[in-house]
Amino acid sequence: MMSAKPAVAIIRSKAAERQPKVGIILGSGLGPFADQVENQTVISYNDLPGFPDAGVEGHAGHLVLGSVGGTQVAVLQGRAHYYEKGQADVMRTPVETLKELGCETLLLTNAAGSLVPEAQPGSVMLLTDHINFTGVSPLFGHSERDRFVDMTNAYDLDLSNIMRQAAKKNNIKLNEGVYAWCCGPQFETPAEINALKILGVNAVGMSTVPEVIVARHSQIPLCALSIITNLAAGISTSALSHDQTIRVAKLGEDAIREILMTYLNSFSDEQ
Ligand code: HPA
């Protein structure tokens, strides 16, 4: 695990005037949100020590600094996953970099499968809690006392309320639920989904939870929005595929963009 300091030094040397307040991580198929950022400074992950390799399919691998609706943001366009190299801490340096840059809030997005009939493909779900179904942690190897992170209310209650209001304002139906992190890259089996249903899970995916753990460790308040791209295995009548994930994520992109834009605009109204 690499400290965020070298990456932060490079970012400051390339974009000294930037003071991002909100960090945003864009998941599968959601990269185009970065087009909303005005006055962009774009830095490839390849130029940032400790960041994952850029250029993996579906993941641009750019840090985009700039403003949206008057709010200074730092957007991580593309994330790496545990399943790529079996490293649970692959997004730890990027999240800690956002913290060191001054981000006071982290907005996470992803694509997920739904276990509940009300959350159909193309819809958006606000995550209220999670179950880490992988048995691994991005804090493995961290030996300080602060590794014992309290995960109660990890998904910030105030931010969640703001997202609910932002969805309402845009007439977007916002489902809510508990997300299970499964390691992938294979999709789950129907038996696994059945088990998760019994455990109280509403959506399932292969990301986000490690970033939530790191953000809690770094004490950044966060919230997370999933685009539902499919009904989960055994519930869906069609075969699951990554192509479907990318294709359907585009359908939910407008809704996520409207919610995030409303949030980022309201933030600057207060100033
Ligand atoms: N399972 C896991 N990850 C996913 C899914 C799914 O059904 N859909 C999109 N990402």
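I begin with a polar contact of 2.9 Å between the side chains of R92 and E96; a polar contact here is a pair of N or O atoms within 3.5 Å, where within protein one must be able to donate a hydrogen and the other to accept it, and residues adjacent in sequence count only if both atoms are side-chain atoms. The model is a predicted one, in which local features need pLDDT of at least 70 and side-chain atom pairs count only at pLDDT 80 or more, while totals for chains, interfaces and linings use all residues. Residues are numbered from 1 along each chain as its sequence is written, and side-chain values use heavy atoms, with hydrogens and water left out.

R92 also joins its side chain to that of H142, through a polar contact of 2.8 Å. R92 lies in helix α3, residues 92-101. Is R92 buried or exposed? R92 counts as buried because its relative accessibility is 5%, the cut-off for buried being under 20% relative accessible area with a 1.4 Å probe and protein chains only.

I turn now to the ligand. Its surroundings include F187, E188, M206 and N230. Which residues place a polar backbone atom 3.4 Å or 3.3 Å from a ligand nitrogen atom? They are A111, at 3.4 Å, and G113, at 3.3 Å. From the side chain of T229, an N or O atom lies 3.4 Å from a nitrogen atom of the ligand. On its own the ligand has 270 Å² of accessible area, of which the protein covers 95%; the areas come from the Shrake-Rupley method with a 1.4 Å probe.

How values were computed
A residue is near a molecule or strand if one of its heavy atoms lies within 4 Å of it. Helices (H or I, at least four residues) and strands (E, at least two) are DSSP runs, numbered from the N terminus. Buried means under 20% relative accessible area, exposed over 50%, partly exposed in between (1.4 Å probe, protein chains only).
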